[in-house]
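Hi everyone, thanks for coming along. Let me put the structure up on the screen, and then we can walk through it together.

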Amino acid sequence: MAAKLLEGKAIAQDIRERLRGRIEELTRQGTQPGLGVVLVGSDPASSTYVNAKERACEELGIKSVDHRLPEDTPETELLRIVDELNRDDTVHGILVQLPLPDQISADRVTMAIDPDKDVDGFHPVNLGRLLRGQECFWPCTPHGVLEILRAGGVKPEGKHAVIVGRSNIVGKPLATMLMQKNETGNATVTVCHTRTPDLSVYTRQADILIAAAGKAATVTGDMLKPGAVAIDVGVNRVDDATKKKGYRLVGDIDFASASEVASMITPVPGGVGPLTITMLLANTVLSAERHRERRGR
Ligand code: NAP
């Protein structure tokens, strides 16, 4: 393997240690950061994420306000809980775990969250602010990607960043962040999707290649420019009879071939994943600091 491994776990741990000091300071001043977490139903992947988020909050001293609701919860009840969390002065961030069951509109719920507590950064007000380069909450996964680049000493400025995927939670906000006129941006950005006729034409031009397609082996080593930085956001299950669970997790980039061509690469698991939760915690701390500042005025 030629590529240097960009390990998200260690980068996330570093950021969490820096957050710890800010949390202690806020708590000393009487504002313990609080995160409201809402989970509807018992989808195993969602439960795993929510449990990990709650554990991380506990480890760092962030108060977690937990709502676990049954699968058949009506939308009105969920909106009532969001409203309650919006009004709760001890809650600085609200996370409603997606996906939601069919009877609930994820759009309506996202819109109901106070943009000043929207630590996922999914509310249109935050996304609009992001597009305009204004102060906002950066969506957690794209923010995690930028943190990995920073930790690897990769400056996007002047580079060609190619993103595979245009979702509202990863591809689009990441493209916006990388093209922003600031020190974490200033890249030339190309966004590819399923209507891109020949993906490899674009991926081969990438100095920084970010895959967020949700399909294993979307990008293989022969699709990379030698020396490219390869960031893998994807998480996919592939059958593996040698594993107890019968499957293993892989990214969207074929790790074996890509790591022979890239200069740096993130593993899956243990790459972008640990950063996503960490950036959620970071947004919650930032929100508590902003709350304190507003109260102090
Ligand atoms: P999504 O909403 O399904 O979007 C996937 C995007 O990839 C779409 O824009 C799609 O194009 C594009 N795409 C799919 N196959 C493609 C192909 N063969 N060639 C080019 N483009 C292709 O997914 P998402 O929510 O952004 O998530 C993407 C992946 O990241 C998933 O595996 C997800 O589990 C993972 N993820 C990980 C984290 C983490 O913390 N590690 C966080 C979020 C997501 P169209 O728009 O044309 O359909």
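Let's start with a helix. Helix H7 (residues 171-179) lies across strand S5 (160-164), S6 and S7, and it runs at about 175° to S5. Angles here run from 0 to 180 degrees between N-to-C directions, with axes as lines fitted to C-alpha atoms, for helices over the stretch in contact. The helices (H or I, at least four residues) and strands (E, at least two) are DSSP runs, numbered from the N terminus.

A quick word on the source: this is a predicted model, where local features need pLDDT of at least 70, side-chain atom pairs count only at pLDDT 80 or more, and totals for chains, interfaces and linings use all residues. Residues are numbered from 1 along each chain as its sequence is written, and side-chain values use heavy atoms, with hydrogens and water left out.

Back to H7: is this helix mostly covered or mostly uncovered? Mostly covered, since seven of its nine residues are buried, meaning under 20% relative accessible area, with exposed being over 50% and partly exposed in between (1.4 Å probe, protein chains only). Among the buried ones are Pro-173, Leu-174 and Met-177. Their cover includes helix H5 (124-132), H6, S5, S6 and S7, where contact means heavy atoms within 4.5 Å.

Six strands form an open sheet in the order S1-S11-S8-S7-S5-S6, with parallel pairing; two strands pair if DSSP finds at least two bridges between them. At its edges are strand S1 (4-5) and strand S6 (188-192), each pairing on one side only. Strand S7 (residues 208-211) and strand S8 (residues 229-232) are joined in the parallel sense over four bridges, and Ile-210 stands opposite Ile-231 in S8. Helix H6 (residues 140-151) also packs on this sheet, touching S7 and S8, and its direction makes about 145° with that of S8.

There is another sheet to see. Three strands make up this open one, in the order S3-S2-S4, with parallel pairing. Strand S3 (63-69) and strand S4 (93-96) each have a single partner strand, so one side of each is left without a neighbour in the sheet. Four bridges join strand S2 (residues 34-40) to S4, and Val-38 stands opposite Val-96 in S4. Helix H3 (residues 75-87) packs here, touching S2, S3 and S4. On S4, Gly-93 and Leu-95 point one way while Ile-94 and Val-96 point the other, and all are buried.

How does the chain divide? Into domain 1 (30-117) and domain 2 (140-274), with bounds from an automatic or database domain assignment. Their centres, taken over C-alpha atoms, are separated by 28 Å.

Finally, the core. A nonpolar core is a set of buried Ala, Val, Leu, Ile, Met, Phe, Trp, Tyr and Cys residues joined through side-chain atoms within 4.5 Å. The largest one has 50 residues, and those touching the most other members include Leu-19, Ile-210 and Ile-231. Helix H10 (residues 273-296) gives the largest share, eight residues.
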